[in-house]
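Hi,

Here is the structure I promised to pass on. Have a look at it first, and then read my notes below.

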Amino acid sequence: MAEPLLALHGLRKRFGGLAVTDDVSLDVMPGEIHAIIGPNGAGKTTLINEISGVLPVDAGRILFAGQDITRLPLHRRARRGLARSFQITSIIPDFTALENAALAVQAGDGTSFRFFRPAGSERRLNEAALAALDSVGLAHRAATPAGAMSHGEKRQLELAIALATQPRLLLLDEPLAGAGPEETERLVSLLRGLRGRYTIVLVEHDMQAVFALADRISVLVYGRLIATGGPDAIRHNTEVRAAYLGEDDLPLAGAPC
Ligand SMILES: Nc1ncnc2c1ncn2[C@@H]1O[C@H](COP(=O)(O)OP(=O)(O)OP(=O)(O)O)[C@@H](O)[C@H]1O
């Protein structure tokens, strides 16, 4: 069996008296889209923050590609290929889509602060940036200033920026938030196109999208992991359904998304 790309072992985090991550252990396998769902306040964003290094854990271990990264700072996790997509805030509005992606390519290959670059590196930079834009269907908008793009396009660009760093693991925190129905459809098909090529941890409230996209789903309730499994197993899990009682957004049938 393949080794997990990301393995969480007994993670714990408290905010004052509140256990927000309560002995969470889970594996993310290479190439899978692994969704983390749970009711509001379940601790999903906190968990993503612990994985990316924004927040230190109180106890437990985080292994990435077999190496212990529990105490590594955020930038050193990023260097190892752990990319987090920051909701639009990483976009520079006055820069074109291509320039935004090129900055990310530079950050990814560690050349951001080199003043003297060998001839040809500019071209390679632009090619890599264009490839990232192309992978999210934005190549035709390369010359457009990011600030002039629609909300959905900014989401696509944000994804291109994350992909431009050539991540081994992509952490997506609510990539569909604020998107209208058409934008959602486009973003879901775009994410589906990344399946198998990237390993993705996805936190998302849109259950139709989650059940359409995820290979496996982990369910957090009050910081505790109550289930991990394929969409069908999760959909029919009694404890999961009880956790969502009163919310009608857990789809019973397969979603046509
Ligand atoms: N910095 C903090 N200090 C104190 N409590 C916090 C902090 N950040 C989050 N919390 C609390 O931790 C709990 C989990 O929050 P978190 O944002 O991780 O949940 P979530 O599952 O992502 O929620 P949502 O679905 O609403 O985005 C909540 O009760 C929240 O109020």
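To start you off: which residue is the bridge partner of Ala35 in E9? The bridge partner of Ala35 there is Ile217.

Before the rest, some background. This is a predicted model, in which local features need pLDDT of at least 70, side-chain atom pairs count only at pLDDT 80 or more, and totals for chains, interfaces and linings use all residues. Residues are numbered from 1 along each chain as its sequence is written. The mean pLDDT of the protein is 88, and 88% of its residues reach 70 or more (pLDDT is the predictor's confidence in each residue, from 0 to 100). The model has an ipTM of 0.96 and a pTM of 0.88. Where pLDDT is low, the predicted coordinates should not be read in detail.

The labels work like this: helices (H or I, at least four residues) and strands (E, at least two) are DSSP runs, numbered from the N terminus. Two strands pair if DSSP finds at least two bridges between them.

(For angles, axes are lines fitted to C-alpha atoms, for helices over the stretch in contact, and the values run from 0 to 180 degrees between N-to-C directions.)

Contact here means that the C-beta atoms of two residues, placed from the backbone, lie within 7 Å.

Leu220 has Leu225 in E10 as its bridge partner. The hairpin of E9 and E10 has two residues between the strands, and Tyr222 takes a positive phi near 45° in it.

The four-stranded sheet

The other open sheet I looked at has four strands in the order E2-E1-E4-E5, with antiparallel pairing. Here E2 and E5 are the edge strands, each pairing on one side only. H1 packs on this sheet too, touching E1, E2 and E4, with its direction at about 60° to that of E2.

Going through the pairs, E1 and E2 run antiparallel and are joined by eight bridges, with Lys13 opposite Thr21 in E2. E1 (residues 6–15) also pairs with E4 (residues 59–64), antiparallel and over five bridges; Arg12 stands opposite Ala59 in E4. E4 then pairs with E5 (residues 67–68) in the antiparallel sense over two bridges, and Phe64 has Gln67 in E5 as its bridge partner. E4 and E5 form a hairpin with two residues between them, and Ala65 in the turn has a positive phi of about 50°.

The ligand

Which residues are around the ligand? They are Phe15, Leu18, Val20, Gly38, Asn40, Gly41, Ala42, Gly43, Lys44, Thr45 and Thr46. A residue counts as near a molecule or strand if its C-beta atom, placed from the backbone, lies within 6 Å of it. Strand E2 (18–28) and helix H1 (44–52) are the elements that give two or more residues to this shell, and H1 has the largest share, with three residues. By type, the shell divides into four nonpolar, six polar and one charged. For that count, Ala, Val, Leu, Ile, Met, Phe, Trp, Tyr, Cys and Pro are nonpolar, Asp, Glu, Lys and Arg are charged, and the others, Gly among them, are polar.

The domains

The protein is divided into domain 1 (1–81 + 167–257) and domain 2 (91–166), with bounds from an automatic or database domain assignment. Nine residues of domain 1 are in contact with ten residues of domain 2. On the domain 1 side, helix H6 (residues 181–194) gives the largest share, four residues. That side divides into six nonpolar, one polar and two charged residues.

Cheers
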